[in-house]
Amino acid sequence: MDRLACYDCGETYPFGEAARCSCGEPLWFETDPDAVSWPDTGGRGAEAGAAGHDSLWRYESVLPAATPVGLAAAAGGTPLLRAPSIEPADGPRLHLKLEGTNPTGSFKDRGTAVGIGRLDGPIGTVSHGNMALSVAAHAAADGREAVILVAEDTPDSRLAMIAQHDPHLFRVRGDYGRLYEDTLERDLGVAFLNSDSPLRVAGQKTVAYEICEAFRPDAPDAIVLPVSSGGQASGVWKALRELRAAGLIEAVPRIYLAQAARCDPIARAFRRGAARVEPVTGEPTAAVSINNADPPSGNRALAAVEATDGAVASVSEDALLAETDRLAADAGISVEPSCAVATAAVRDLTESGDLGRDEDIAVILTGSGYKYGTPGAGTPSVREIDREDVPAAVRELST
Ligand SMILES: *Cc1c(COP(=O)(O)O)cnc(C)c1O
Ligand SMILES: [Zn+2]
């Protein structure tokens, strides 16, 4: 599995030869259709050192790397569950994919695991969030040097979280947006696993393999996920194309993407009916992990939506904060506001009739909320109390 292809113009390249297509669009790995099949059940990955855990390496035959030993062996294999308490009244049925249970708490581990499995030597990334944390942790696990380039305004609390894995951490002054291209265009002696690198997209496609396998022989009617760079959306689309081409799913689930209204270049392009995403001047949002005003895989994400008859939704700041609270307080699921946009979008898309009341909708909750505090919740509701008053106060609750 060594050829990269452009989804848009069809041009192909040997792996390693080009960072992007000459047409400007990102590339992804071609997959041999004969390699696409549901794995035999069992395959619990115990050999890979992840005893009792069904990891993404279940789909090794469609990945450009071999099953590793160590932390990377534990990526993927996340739970898919119903949370009836937060489903809209009268449907649709929501199936929540808890990506926060990955080793570093987000789906980024899928792409990092495949990338580090394939690349030698030092690895790097341009990120100040989940991708930085994931690359730093997986590099530590594999005894590699990691180079993490974070933006100048990255808060110290976040740096400390990344720094615990002991990477080379650089806080970069200057145009952070341009840095992404710098690391692609220049030979720095470090393999950069950025948001839409083909290896990362290959790893991230496994989330849709897992979702569809859980529904086999059918598939969910739709998959809803938050979008920033478009890397994960690309992976989901790639998986659905592969599964459809292999005849493992009959109908392709519609792909719905959710953005925060304060920074929603892909949603704007969708509303304009455009095929190309234009950069926007975003505003700060609590959905920090999806705050990307100029998404490198934006056009491909938009193409995924068009090809599957989906849509792109913008979610107001109030709605995404309220939804973050709702998931935690009513369903026991702590997520970042960047994930809650997806279930918030489900409410709007149900109202508008895009999602049918009798449909099965898979929603990707991309990352755990335990890492970044609780920006949605405001001041915690706590009562100060003396020890001798505890029995009376507790009894009172049930009267
Ligand atoms: C990275 C990230 C996203 C966005 O994924 P893209 O591949 O950049 O579109 C969404 N949610 C969380 C929690 C993330 O870390
Ligand atoms: Zn091309």
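Trainee: Into which domains is the protein chain divided?

Mentor: In this predicted model, the chain is split into domain 1 (1-30), domain 2 (80-104 + 200-365) and domain 3 (120-192), and the C-alpha centres of domain 1 and domain 2 lie 25 Å apart.

Trainee: How many residues does each of domain 1 and domain 2 bring to the contact?

Mentor: Domain 1 gives nine residues and domain 2 gives 11 residues, and those of domain 1 divide into five nonpolar, no polar and four charged.

Trainee: What area do domain 1 and domain 2 bury between them, and which residues of domain 1 supply it?

Mentor: Together the two domains bury about 870 Å², with 57% of it on carbon and sulfur atoms. On the side of domain 1, Tyr7, Pro26 and Trp28 supply 62% of the area buried against domain 2, which is more than any other three residues.

Trainee: Why are aspartate 8 and arginine 276 said to meet in a salt bridge?

Mentor: The rule asks for a side-chain nitrogen of Lys or Arg within 4 Å of a carboxyl oxygen of Asp or Glu; the side chains of aspartate 8 and arginine 276 meet at 2.8 Å, N to O, so the pair qualifies as a salt bridge. Across the interface of domain 1 and domain 2 the rule finds one salt bridge, and there are also six residue pairs in polar contact.

Trainee: What makes the arrangement around the zinc ion (ligand 2) tetrahedral?

Mentor: Its protein donors are the SG atoms of Cys6, Cys9, Cys21 and Cys23, lying 2.3 Å from the ion, and a donor has to be within 2.8 Å of the metal. The four donor atoms subtend angles of 99 to 124°, and four donors count as tetrahedral if all angles lie between 85 and 135 degrees, so the arrangement is tetrahedral.

Trainee: What spacing do these donors follow along the chain?

Mentor: The donors of the zinc ion (ligand 2) follow C-x2-C-x11-C-x1-C.

Technical notes. Residues are numbered from 1 along each chain as its sequence is written. Chains are lettered from A and ligands numbered from 1 in the order in which they are written. This is a predicted model: local features need pLDDT of at least 70, side-chain atom pairs count only at pLDDT 80 or more; totals for chains, interfaces and linings use all residues. Side-chain values use heavy atoms; hydrogens and water are left out. Domain bounds come from an automatic or database domain assignment. Contact means heavy atoms within 4.5 Å. Buried area is the accessible area (1.4 Å probe) that two parts lose on being put together, summed over both. A polar contact is a pair of N or O atoms within 3.5 Å; within protein, one must be able to donate a hydrogen and the other to accept it, and residues adjacent in sequence count only if both atoms are side-chain atoms. Ala, Val, Leu, Ile, Met, Phe, Trp, Tyr, Cys and Pro count as nonpolar, Asp, Glu, Lys and Arg as charged, and the others, Gly among them, as polar. Donors are N, O and S atoms within 2.8 Å of the metal (3.2 Å for Na, K and Ca); water is not among the atoms, so sites may look incomplete. Four donors count as tetrahedral if all angles lie between 85 and 135 degrees; four count as square planar and six as octahedral if opposite donors are over 155 degrees apart and all others between 65 and 115; anything else is irregular.
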